[in-house]
Amino acid sequence: MSTLGIVMLVHTALDRAEQVARHWTASGCPVVIHVDRKVPGGVYETFVRSCSSDPKILFSKRHSCDWGGWGIVAASQSAARMMLDRFPDVRHVYLASGACLPLRPVQELIDYLAARPRTDFIESATTEDVSWTVGGLDIERFTLRFPFSWRKQRKLFDAYVKFQRRIGYKRKIPEGLVPHMGSQWWCLTRQTLSAVLEDPKRRTYDRYFRRVWIPDESYFQTLSRLYSTDIESRSLTLSKFDFQGKPHIFYDDHLQLLRRSDCFVARKIWPQADRLYQAFLTDQATAMKPAEPNPARIDRVFAKAVERRTRGRDGLYMQSRFPGHGRENKLTSGPYSVFQGFSELFEDFEAWLAGSTGLRVHGHLFAPDRAEFADGETMINGGLTDHAGLRDYNPTAFLSNLIWNTRGERQCFQYGPADNQDINWFLARDINAQISVVTGAWAVPLFRSNRNFSEIRKEAARLQRIETEQLDILRSVWTKARVRIWTMAEFIEAPMEPIQTVIDEIMPAGPRHIAEAPRLVDIAGFGKFLQNLKNQGMHPYLMGDFPVEEPGEQTPKPIRKPYLVQ
Amino acid sequence: MVSVSSEQARHPGLIDAYRLRWKRRRLLWRSFRSRHHLTALADRTGRIGPGDILAVTTLRNEITRLPWFLHHYRRLGVDHFLVVDNGSDDGSADLLARQPDVSLWQTAHSYREARFGLDWMTWLQMRHGHRHWTLMVDADELLIYAHHETRSLRDLTGWLDRTGRDVFGAHLLDLYPEGPLGAQTHDPGTDPTQVVNWFDAGPCRAQRQRPMGNLWVQGGVRERAFFADRPHRSPTLNKIPLIRWSRRFAYVNSSHSALPRRLNFGYDGPGGAAPSGVLLHTKFLPEVVGKSEIEKSRSQHFHDPDQFGGYYDGIIGRPTLWTPDSVRYTGWRQLEQLGLMNSGGWT
C-alpha cells in the first residue's frame with residue numbers, strides 16, 4: 001500500500017473523475033471520493049457501481065458544496081478522516097478535485113513526498129501578504145458575517161458588508177488563531193492532518209469557520225499553522241485564475257505548456273480535452289525527467305491573458321473594446337508629436353524634421369482638403385486613406401487608427417487653426433501626445449500671401465479665434481498631453497532652444513545637438529503687417545510683442561541666420 | 001447592410017426602454033406570423049439534442065459556397081443547421097436536403113419584406129433554438145475565434161457559460177483577391193480564403209448607438225472603395241452572431257443588433273477587452289460580379305436599394321481592391337495581433 005492517499009472532491013464530469021481515480025490506484029494510491037450531494041442519486045449510484053471493482057476507491061459521506069461555503073471544508077474533513085482511518089499506511093494526503101490531472105508519473109510524486117516525509121505542502125499566507133483576493137476582502141473574510149451569496153446575491157452581499165463596516169461590527173477570531181489564506185488544494189502529512197481533525201477545540205474552530213467567507217481557502221491553511229513542523233507554503237497543484245477569480249481551464253492545445261511545467265498535478269482540465277487525458281494518463285513512457293515544478297512559463301502566459309482581458313490594449317477601439325469616456329487608460333497606442341506653427345515659420349520643416357530624427361513626419365493631417373501623409377502618400381498602413389470626408393466622419397478614430405496602425409514607429413504631424421478642430425480634446429487628454437505650439441504663427445502664411453488685405457484681415461480674425469479656443473483646451477485641468485506653448489515673438493528670439501528640447505524628448509538617446517538648423521522664412525516687415533491689422537480693427541495678440549520696424553529698416557537685410565545652441 | 005439610422009441614437013431613458021420592449025414583441029409577433037411563409041423540405045429537427053449548437057441561415061443560390069460552409073461549421077462543432085432557402089435555382093436546395101444534419105425550409109416570399117430573412121430565422125430560432133447556443137451566419141461568412149483550429153464551438157460556449165456571458169461578438173472582415181474582382185477561379189469545396197486572402201487591417205471606427213446601446217463599427221475595404229463619399233452608408237462591421245438563445249430574443253438588424261438591449265453590450269465591457277471573433281467575409285469570390293448584376297435588379301437588399309446602385313456598379317466594374325497596404329490573411333493570431341479580434345482572457 002502506498003504512502004500517498006488522494007482525497008478527491010467531485011461534482012461533475014464523473015467519468016473523468018473515475019478515469020483519474022483509477023490512474024491513482026493503479027500506482028497503489030488509495031482514493032477517497034467525495035461526491036457533491038447536489039449530484040442526483042441515480043447518477044451517484046451509477047458512479048459508485050462503476051468504481052466498485054476497485055477496492056482502493058472509497059466514497060465518503062456526502063455534503064452539499066457551494067462555492068465559497070462551508071460544505072467544501074466539511075467534505076474535505078470527512079473524506080480525510082476516512083482516508084486516515086481506512087488506510088493506515090498513508091503518510092501524505094493530497095486534496096484534489098475531479099478536474100485535476102496528474103502530469104507526471106504518480107511514482108515520481110510518491111518519491112518526491114517520501115523524500116520530504118514531514119513536509120506539509122499548503123499555500124498559507126497571512127492576510128497582509130496576499131494581493132490576489134477576489135472581492136477586495138482579506139482580513140474582513142474573518143471578521144465580518146456573510147449570510148448572502150456572492151455569486152447569486154451580489155448586491156445584498158455588498159450592501160451587508162458595507163453596513164457592517166459602517167457600524168464597525170467585528171467577529172472575534174478564536175484565541176490562538178492567526179488567519180492564513182491560500183490555495184484550497186493542499187497535501188498534508190498524517191500528523192498535521194490528524195492533529196487538525198482531532199483538535200479538542202475543533203468544535204469551536206468549525207463553528208467559527210462556518211461563517212467565514214470562502215473557508216476552503218483558510219480553514220486548513222490557518223489550522224495547519226498550529227501543528228505543522230515544516231510548512232512549505234505552496235500548492236503542488238498548478239492552478240491559474242482568471243480575472244473573475246475562476247480557475248483557468250486547460251485544453252488540448254495546452255499539452256506542451258503543461259509538459260514543460262514539471263508540475264505534479266494541474267487543474268482545471270476541460271472534460272472534453274481528450275488529448276490531455278490520453279497523454280498524461282497513458283503515455284507514461286514519454287513522461288518528464290525528475291525536476292522541481294516550474295510553473296513560471298505558464299504563469300507568464302496566463303498573467304498576460306488576465307491583463308488582456310481586464311485592461312485590453314491601449315489605443316485599440318474595436319468590436320470588443322470600446323472603453324467609456326475617461327476609462328481608456330491611454331487614448332492611443334503609442335507616443336506621437338504634434339507641431340503647430342513650425343512649418344509656417346521654417347522652410348521645409350517637415351523634410352528637415354524627418355531628416356534629423358528619422359521619424360515619419362506628416363504634413364497637416366487634418367487639413368480641409370485631404371490628410372497630408374508624409375511623402376505625398378494617399379494611403380498608409382492599414383488601408384487608411386487621405387480622404388477628408390472619411391477622416392472628418394470621425395476624426396478622433398482617424399487619429400487613434402493612425403497611431404494604432406503604425407505601432408512601433410513614432411508619428412509626427414503638423415496641426416493648426418485652419419485644420420479640423422474636432423480632435424482638440426482628444427489630443428489634450430491623451431498622455432501619448434506631445435504637443436508643441438508656436439502661437440500666432442498661422443499669420444505668417446497670410447503675411448506672405450498675395451491676397452487682398454480685407455480678406456486677410458477676416459481670415460486672421462477667424463484663425464485667432466480658433467487658436468484661442470484651442471489654447472484654452474490645451475491649458476485646461478484635464479490636459480494630460482505634454483504641451484509646450486510659445487508665442488511667436490518669444491520663439492523666434494531663440495528658435496533652436498525649444499526645438500532641441502522637443503527633439504531630446506522624442507529621442508532621449510539621439511544626438512545631443514542637431515547638426516543642421518532649419519531655415520526661418522523671411523519675416524522682415526511682419527511687425528508692420530501686424531500693425532496694419534491693428535489699424536484695421538483686428539487685434540492680433542497671439543504672436544506676442546513684435547516691434548513695428550522703422551520704414552527705413554525695411555531695406556533688404558540679410559536673412560537672420562538661426563543660431564545653434566551649444 | 002445598413003445599420004439603425006443615427007436618428008435612433010437619441011432619446012435614451014425609461015420611455016425608450018418601454019418602447020424597445022414593445023418593439024421586441026412586435027418583431028417576435030412578425031416572426032411568428034411569418035412561419036406560414038416557410039415550407040419544410042427536410043425537417044430533421046427531431047435529431048436536435050439538448051445542448052446542441054445550431055446554425056441558422058437564409059440563402060439563395062450559394063451552391064459554390066455551401067460545401068465549404070458546411071465543412072467549416074461542422075469542423076467547429078455545429079450540430080445542426082436550420083436553413084431557409086429563398087428560391088434557389090442552382091441546386092442549393094437539393095444539396096442541403098441531402099445533408100443528415102440540415103433541416104431545410106423553402107420560401108418564395110420577399111427577402112426584403114421578411115426583414116432580410118430575419119423574420120424567418122427568428123421564427124426558427126424561437127421554435128428550435130431556445131436554450132441552445134445558436135449561430136446566425138450568412139453563407140459567405142466563416143466564423144473564426146481564438147484557438148479555433150484546436151478548440152470547438154462547444155469548448156468556446158462552455159467557457160462563455162462559465163464566465164457568465166451569453167453573447168459572442170464578431171467583426172465582419174471583408175476578404176478580397178489580389179487582382180481585379182471576378183478574375184480568379186474558385187473551385188467549390190475548397191477553402192475560399194485561398195482565393196480571397198487579402199484584407200484591410202484597418203481602419204475601423206466605432207460609436208455607440210442609442211437607444212439600443214449597440215456598437216456601430218464601420219470601416220474597412222468596402223468603405224474605402226465604395227463609400228468614401230457617403231461614410232454614413234458604409235457597411236456595418238459589428239455582429240453578434242453567437243448567442244445563447246432564448247425564445248424571447250430577437251435580432252433587430254441582421255445580426256448587428258438584438259433585443260433585449262443587454263445583448264448588445266455583450267461584446268464590449270466598459271473597460272478591458274471582451275472576447276470576440278472574426279467573420280471572414282468571402283463575398284468577393286469571383287462570382288460576385290455576376291451576382292451583383294442580379295442583385296442590383298432584384299433590389300432585395302438594403303432598406304433603400306436605390307441608394308446602393310452605385311455600390312453594385314462599383315463591383316460590376318471589376319475594380320482591384322488590393323493595394324500595397326493590404327495584408328495577407330494568415331490566421332487568427334494575426335487578426336488578434338492587429339486588433340480585429342480578442343481572445344478576451346481565453347488562453
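## Reading cores, helices, strands and contacts in a predicted model

Me: Which residues touch the most other members of the largest nonpolar core?

Reply: Among the 196 residues of the largest nonpolar core, Trp24(A) and Tyr73(B) touch the most other members. Domain 1 (4-117 + 236-310) and domain 2 (336-554) of chain A both contribute residues, so this core lies between them. The domain bounds come from an automatic or database domain assignment. A nonpolar core here is a set of buried Ala, Val, Leu, Ile, Met, Phe, Trp, Tyr and Cys residues joined through side-chain atoms within 4.5 Å. Buried means under 20% relative accessible area, exposed over 50%, and partly exposed in between (1.4 Å probe, protein chains only). As a general idea, nonpolar side chains in soluble globular proteins tend to be buried together.

Me: What should I keep in mind about the model and its numbering?

Reply: This is a predicted model, in which local features need pLDDT of at least 70 and side-chain atom pairs count only at pLDDT 80 or more, while totals for chains, interfaces and linings use all residues. Residues are numbered from 1 along each chain as its sequence is written, chains are lettered from A and ligands numbered from 1 in the order in which they are written, and side-chain values use heavy atoms, leaving out hydrogens and water.

Me: Which residues does Trp24(A) touch?

Reply: Contact means heavy atoms within 4.5 Å. Leaving aside residues up to four places away in sequence, Trp24(A) touches Leu4(A), Ile6(A), Met8(A), Cys29(A), Val31(A), Pro102(A), Val106(A), Leu109(A) and Val265(A). There is also a second, separate core of 36 residues, which includes Trp70(A), Phe87(A), Leu177(A) and Val212(A).

Me: How do I read the faces of a helix, and which residues of H8(A) are buried?

Reply: An α-helix has 3.6 residues a turn, so residues three or four places apart point the same way. Helices (H or I, at least four residues) and strands (E, at least two) are DSSP runs, numbered from the N terminus. In helix H8 (residues 202-210) of chain A, the buried residues are Tyr205(A), Asp206(A), Tyr208(A) and Phe209(A). Seen down the axis of H8(A), they fall within an arc of 165 degrees, so they line one face of the helix. That arc is taken from the directions from the helix axis to the C-beta atoms. These residues pack against helix H3 (71-86), helix H5 (140-143) and helix H9 (219-227) of chain A, whereas the face of H8(A) turned away from the buried side carries the exposed Arg203(A) and Arg207(A).

Me: What is the strand order in the open sheet of three strands?

Reply: Strands of a sheet pair through backbone hydrogen bonds, either parallel or antiparallel. Two strands count as paired if DSSP finds at least two bridges between them. Here the order is S5-S12-S11 (chain A), with mixed pairing. Strand S5 (101-102) and strand S11 (237-238) of chain A stand at the edges with a single partner strand each, so one side of each is left without a neighbour in the sheet. Two bridges join S11(A) to strand S12 (residues 265-266) of chain A, and these strands run parallel. Leu238(A) has Ala266(A) as its bridge partner in S12(A).

Me: How many residues does each chain bring to the contact?

Reply: Chain B gives 59 residues and chain A gives 47 residues. Between them the chains bury about 4,100 Å², 50% of it on carbon and sulfur atoms. Buried area is the accessible area (1.4 Å probe) that two parts lose on being put together, summed over both.
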